[in-house]
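Please view the sequence and the structure first.

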Amino acid sequence: MDRQQENNGFGPLSKPRGNASLLAALLVVVFSVVVHLKISHSTGNQHGRDEFVFLLFISALLILSLVFSEVVRRVCLGIEEIRHKQTRYEGSWRKVFNSTFAFKYGRTILVVGVVSFLIVSFALYRDCNTFCRAEYAIFFSLNCFLVPQLLFLVGLRELSSVEVSEINERENKNVADGLAWSYYFGYLKLVLPHLEGQIGKSVYKYKIKEKKLFILLPKNCYTYDKIVDADPRITVAGNLDSYEINRGGILKRSYKHTVHRIEMPCPDGEVDEYHVVLEYATPLMSLYDMSQHKEGGLSRQERDEQVVLFIRKLREILDKCVDCKGKYELVPISAEGAAGDKGDERVQNRIADVLVRIHQDASVQLED
């Protein structure tokens, strides 16, 4: 099957990034060490020096220069942050310092820096004539002060889109992550635990076979006001009783679900009916609106990435919620050619077909 037709035509859902880049970097480091050992061995024999001590000295000097170069860069960043001490940091020098000089692995960096300094000091003490040379001082100065700052000035230190995406995913800083958490805490966590009880009190309790909330997740993020506009075979049958709670200063805030009826014509002229509790994932409309307005800062390509992350994060959240388990069904679907998108896209997986297939698969599993 064409991978683009997976998940009801939505396409494949990406998985969290792994550690392949770290493994590649490790291989590069190992290869470099081996090459430098061989070079050091040959040059050491020529100059009559201890190649191991020389390699250790050069490595420590390099690490020390990198640590110092990063400190210098942070000082440059701190110069700008000082100007915003009152507005961004409540006038606190401590907050300015922490925001500028905080390192994720600060203790490790400190230990490595101290060890490198001791190695350099030991090498100079052991053989000052060999290691105390002008070229090493120039190497240290260039690597510490000049080269890193030039890279910073011309923008070569800017994070790639891959790194930005990885950081956002790891630290839940994507737009999609915020929307998924908001959808869960502000809606799903409140209504899903009571869904089966609401169905049991309704006139549809014997008609609704799947006691779940079916959540439609269109790839283009466009949500119709009426699902019948997306698929005429799906019509509104009625509403479940409202579930009321006090929330956000609103007394007896009402939450209710709509029951939809799916009418599937059969070859013999009869019509099969299915009743489902069905709705769109409403936060997706925010992603759609952001992609349609330049002020939103979200391109269509970024929107397509965010909707995948939204589905992945929402599934991850709900899978860990005991109260929501078995009470929902996420239904990714292909785009429906929404108004606002240039050109209508042909629907390859109609909503009714997808939902009926889910019902039929569930019936087969029950029979087994």
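**Helix H5 and the chain**

Helix H5 (residues 106–126) has 21 residues, and its first and last C-alpha atoms lie 30 Å apart, close to the 30 Å expected at 1.5 Å a residue. The expected span is 1.5 Å times one less than the number of residues in the helix. Helices (H or I, at least four residues) and strands (E, at least two) are DSSP runs numbered from the N terminus.

The model is predicted: local features need pLDDT of at least 70 and side-chain atom pairs count only at pLDDT 80 or more, while totals for chains, interfaces and linings use all residues. Residues are numbered from 1 along each chain as its sequence is written, and side-chain values use heavy atoms, with hydrogens and water left out.

**Sides of H5**

- Gly113, Ser116, Val120 and Ala123 of H5 are buried (under 20% relative accessible area; exposed is over 50% and partly exposed is in between, with a 1.4 Å probe and protein chains only).

**Whole chain**

- The chain contains 12 helices and seven strands.
- Of the 368 residues in the chain, 35% are buried.
- Among contacts (heavy atoms within 4.5 Å) with a separation of 6 or more, 67% are between residues 24 or more positions apart.
- Accessible areas come from the Shrake-Rupley method with a 1.4 Å probe, and for residues only the protein chains shown count as cover.

**Salt bridges**

- The chain has 13 salt bridges, each defined as a side-chain nitrogen of Lys or Arg within 4 Å of a carboxyl oxygen of Asp or Glu.
- Arg73 and Glu70 form one of them, with the closest N and O atoms 2.9 Å apart. Both residues lie in helix H2 (residues 51–82), three residues apart, which is about one turn of the helix. Arg73 and Glu70 are both buried.
- Glu90 pairs with Lys95 in a salt bridge whose closest N and O atoms are 2.6 Å apart. Glu90 is exposed, at 65% relative accessible area, whereas Lys95 is partly exposed at 39%.
- Glu316 and Lys320 form a salt bridge with the closest N and O atoms 3.9 Å apart. Here Glu316 is partly exposed at 36% relative accessibility, and Lys320 is exposed at 67%.
- A network of salt bridges links Asp231, Arg233, Arg350 and Asp353.

**Nonpolar patch**

- Ile138, Leu142, Leu146, Val147, Leu150, Leu151, Phe152, Leu153 and Val154 make up a nonpolar surface patch, with about 800 Å² of accessible area together.
- Patches are made of residues with over 30% relative accessible area and no salt bridge; like charges are joined within 9 Å, and nonpolar side chains (Val, Leu, Ile, Met, Phe, Trp, Tyr) within 5 Å.
- Val154, one of the patch residues, lies in helix H7 (residues 134–154) and is exposed at 59% relative accessibility.

**Ser291**

- Ser291 lies in helix H10 (residues 284–292) and is buried, with a relative accessible area of 12%.
- Leaving aside residues up to four places away in sequence, Ser291 touches Leu298, Ser299 and Arg303.
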